[in-house]
Amino acid sequence: ELAEVILDYVMHLTWRQMVARHGYPDGEVHALPNFLIVGYGKLGGIELAHGSDLDLVFIHDASPMGSTQPQTDQQRSIDNASFYVRLGQKIIHILNTQTPSGQLYEVDMRLRPSGNSGMLVTRFSAFEKYQFESAWTWEHQALVRARAICGRPELMARFTELRQRVLSQPRDLAKLRKDVVDMREKMRDHLGSSRKAREEGQFHLKQDAGGIVDIEFMVQYAVLAWANANPALLEFTDNIRILGCLEAAGQLSAQEVNQLIEAYKAYRSLGHRLALQQQPGIVAGDQVESERRVVTQIWRRLLDSNHT
């Protein structure tokens, strides 16, 4: 809630600064920009932890050919796209600025269309086209946890509706399963514990097999696989409530859901305590042995093609 309030305030602050310097895009005087901040990851999933960064995507819907119209002689006209790119840059600058009390948040913009090579602020129509024509499966997985944080109310509603349309597309389940498993293995190889650490009995709470990301990937797979037949799976963006919806839809048993929720809570609780001590999220494997076992068993049932 703090992050949402701060983002809303920073957006209003930068909007007033930009309008004072350049005038209003297309000359339309509004209290709010034709702009939207979307939260992904832990912010989108309502699961911010101590020290979490903010995964953000910026979207605007101003006229592509329009420009600002100065209200005073001191203002300088720029095109709409440049206006919103500078607005986004200012938002990031304010959030990242180091002060005597530290910075507000570290910002990660890599989930925007085309990643670091893409535009900092995407026009809504381009974002929509990208999601339907160019996005990878992992980008639709990320969209499961995405939600509109602040901005023009109409644009927030349009984003929510677009998210539902994208996620409810019918999918080839064999291809979906392969894409999810391949991405998970790639992440584990790059971000999980080393072989030496595993041999020493260490367990990375987030990245190792049976950990947090396995639970998150199972939830994302389930939404992409079954939302077409079960639209209720799209109501929430947090893992625990989505798991509840999967039980209600009959896609996971009450026992499986309870096991995954309890494991998820246990992992996150350990992670919070370690973060407050400024320690990495690594524990002794036998400390969470039962949680690892049940998560791995459910993973195999859902995503191992030999078990389906």
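Helices (H or I, at least four residues) and strands (E, at least two) are DSSP runs, numbered from the N terminus. The views below come from a predicted model, in which local features need pLDDT of at least 70, side-chain atom pairs count only at pLDDT 80 or more, and totals for chains, interfaces and linings use all residues. Residues are numbered from 1 along each chain as its sequence is written, and side-chain values use heavy atoms, leaving out hydrogens and water.

**View 1. Glycine 192 sits in the loop between α7 (173-191) and α8 (195-199).** Beyond its neighbours within four places in sequence, glycine 192 is in contact (heavy atoms within 4.5 Å) with Met187, Gln207 and Asp208. From glycine 192 to glutamate 256, the separation is 64 residues in sequence and 25 Å in space, C-alpha to C-alpha.

**View 2. Here helix α5 (residues 137-144) packs against helix α9 (residues 212-226).** Their axes, lines fitted to C-alpha atoms over the stretch in contact, lie 9 Å apart at an angle of about 100°, with angles running from 0 to 180 degrees between N-to-C directions. Thr137, His140, Gln141 and Val144 of α5 meet Phe217, Gln220, Val223 and Leu224 of α9.

**View 3. Follow α9 along its 15 residues.** From first C-alpha to last, α9 reaches 21 Å, close to the 21 Å expected at 1.5 Å a residue (1.5 Å times one less than the number of residues). Of its 15 residues, 15 are buried, so α9 is largely enclosed by the rest of the structure; buried means under 20% relative accessible area (1.4 Å probe, protein chains only).

Terms used: Buried < 20%, exposed > 50% of the residue type's maximum accessible area, 1.4 Å probe, protein only.
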